[in-house]
Amino acid sequence: MSTQFHRRQALRRMVAVLPLGTAACGGGGSAPPAAAPPTAPTPYRYQVPSALPDGWTVAPLSDAQIETAPIEGLVQRIREKQAGLRHLDGLLIARHGKLVLEENFRSALDFTDAWARNQDLGLHALNSVTKSFAATLVGQAIDDRWLDSTELRVHDAFADLQPIGAWSPAKASTRLADWLTMRHGLQWDELSSSYFESSNINTRMNAAASPLRFLLGLPQAAEPGQVFAYSTGISYALGVLVQRATGLAVETYLQRRLLQPLNIGKHTGWSLAGHFHMGSALYLSLRDMSKLGQLYLDGGTWNGQRLVSADWVRQATQQRLQGPGYGYGYQWWMTDFQVQGRTLASFYAHGFGGQFIFVLPQLNTVVGLLGSAYNAGDDALRDARRLLEGDLLPALR
């Protein structure tokens, strides 16, 4: 079969949200071991999430007009690892600004923790959910006037790396907006082969002596702004661009402008060539990861404090291209859910293995999911769309 066919198939798995799997993010390590057989859990009874000094206000499901019994049934089936609900490590619901459900199912570290030498079971690899954090940093750098606008010619920020390979007028014209929408035009396809294969272009970039030169020196396959080509490498470069603009290590800027104001006390991650990888390296807890969704749902504010402009939130979550069953903005995906005769629009962050932040403005709701669907075939065992459309969203009154 053709490369184009495999690429379409991989993209369809990634963006349709149903069941989503290995194509969503460039992780970086060896292949995972086989999953342990499921064990029968004790009966589940709902409990209000713990009240912690982390900025979340907690409340019972009933206060958020969510029926308890269907949610209890859903969590019970997840704990029993029933069909379509396997490889789930965590589920969170926030509605009307209040955290009403937080369930973590992970009981042991896995191979992804080795990438960041993580030993904290409470921190989870976000993989490509990191990209939506990267987009937020870009917006903040524009708000702070470190970056002019999304019309910035990105290669101007890397003039010291000239001569850049395969240089052309098209490459020189590439805008920041083209990077943010994955319409960079570079010859890049990370979806046709496993991230665990050395031939994958993302893996090749990670192994290069200079990953940034590898990326920027690729030939142009299309005019910038024309063709969507999902690239973890481009998101890495976004982080480096922010670092160069601000004069701060991108992880430092991330902490100062986003993590600390969001009351996120713990995080970890990994770096590539001395730069924190804003394409896939962030590790957070479920409730901390989901704060990004609440920030965007509230138009760029967290507990009344503005962290990023409302204009940036609108720009980042505006659908700028349409594919079969998906849309894309600035490092955020879009999809619709069909629930009891209603069409519910959403935008969402998505990472390899089943990490999601779904934002549903019509319901004033954020749903966070963590997962471990890393093996070939795991997609068929975890169906995020069925979970939302069939179980979770119908319980919201």
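The questions and answers below go from the whole chain to its sheet, its helices and a few loop residues.

This is a predicted model, in which local features need pLDDT of at least 70 and side-chain atom pairs count only at pLDDT 80 or more, while totals for chains, interfaces and linings use all residues. Residues are numbered from 1 along each chain as its sequence is written, and side-chain values use heavy atoms, with hydrogens and water left out.

Q: What percentage of the residues of the protein chain count as buried?
A: Helices (H or I, at least four residues) and strands (E, at least two) are DSSP runs, numbered from the N terminus, and the protein chain has 13 helices and 15 strands. Buried means under 20% relative accessible area, exposed over 50% and partly exposed in between, with a 1.4 Å probe and protein chains only. Of the 397 residues of the protein chain, the buried share is 57%.

Q: Which strands stand at the edges of the open sheet of nine strands?
A: Two strands pair if DSSP finds at least two bridges between them, and the open sheet, with mixed pairing, has the order 1-3-2-15-14-13-12-11-10. One side of each edge strand is left without a neighbour in the sheet, because each has a single partner strand; these are strand 1 and strand 10 (321-323).

Q: In strand 3, which residue is the bridge partner of Ala-94?
A: Strand 2 and strand 3 pair in the antiparallel sense, and six bridges hold the pairing. Within strand 3, the residue that partners Ala-94 is Leu-99.

Q: What angle does the direction of helix 2 make with that of strand 2?
A: Helix 2 packs on the sheet and touches both strand 2 and strand 3, where contact means heavy atoms within 4.5 Å. Axes are lines fitted to C-alpha atoms, for helices over the stretch in contact, and angles run from 0 to 180 degrees between N-to-C directions. The angle between helix 2 and strand 2 is about 165°.

Q: Which elements are included in what covers the buried residues of helix 2?
A: The buried residues in helix 2 are Ile-71, Leu-74, Val-75, Gln-76 and Ile-78. Their cover includes strand 2 (88-95), strand 3 (98-104) and helix 13 (384-392).

Q: At what angle to strand 12 does helix 13 run?
A: Helix 13 lies across several strands, namely strand 2, strand 12, strand 14 (355-360) and strand 15 (365-371). Five of the seven residues of strand 12 (residues 333-339) are buried, so strand 12 is largely enclosed by the rest of the structure. Relative to strand 12, helix 13 runs at about 40°.

Q: How many bridges join strand 12 to strand 13?
A: Strand 12 and strand 13 (residues 342-351) run antiparallel, and Gln-338 has Thr-343 in strand 13 as its bridge partner. Their hairpin has two residues between the strands, and Gln-340 there takes a positive phi near 50°. The number of bridges joining strand 12 to strand 13 is seven.

Q: How far apart in space are Phe-228 and Tyr-328, C-alpha to C-alpha?
A: Phe-228 lies in the loop between helix 7 (211-216) and helix 8 (232-246), and Phe-228 counts as buried because its relative accessible area is 13%. Phe-228 and Tyr-328 are 100 residues apart in sequence, yet their C-alpha distance in space is 9.2 Å.

Q: What is omega for the cis peptide bond that joins Gln-162 and Pro-163?
A: Most residues other than glycine have a negative phi, and most peptide bonds are trans. Pro-163 lies in the loop between helix 3 and helix 4 (169-172). The bond that joins Gln-162 and Pro-163 is cis, with omega of about 5°.
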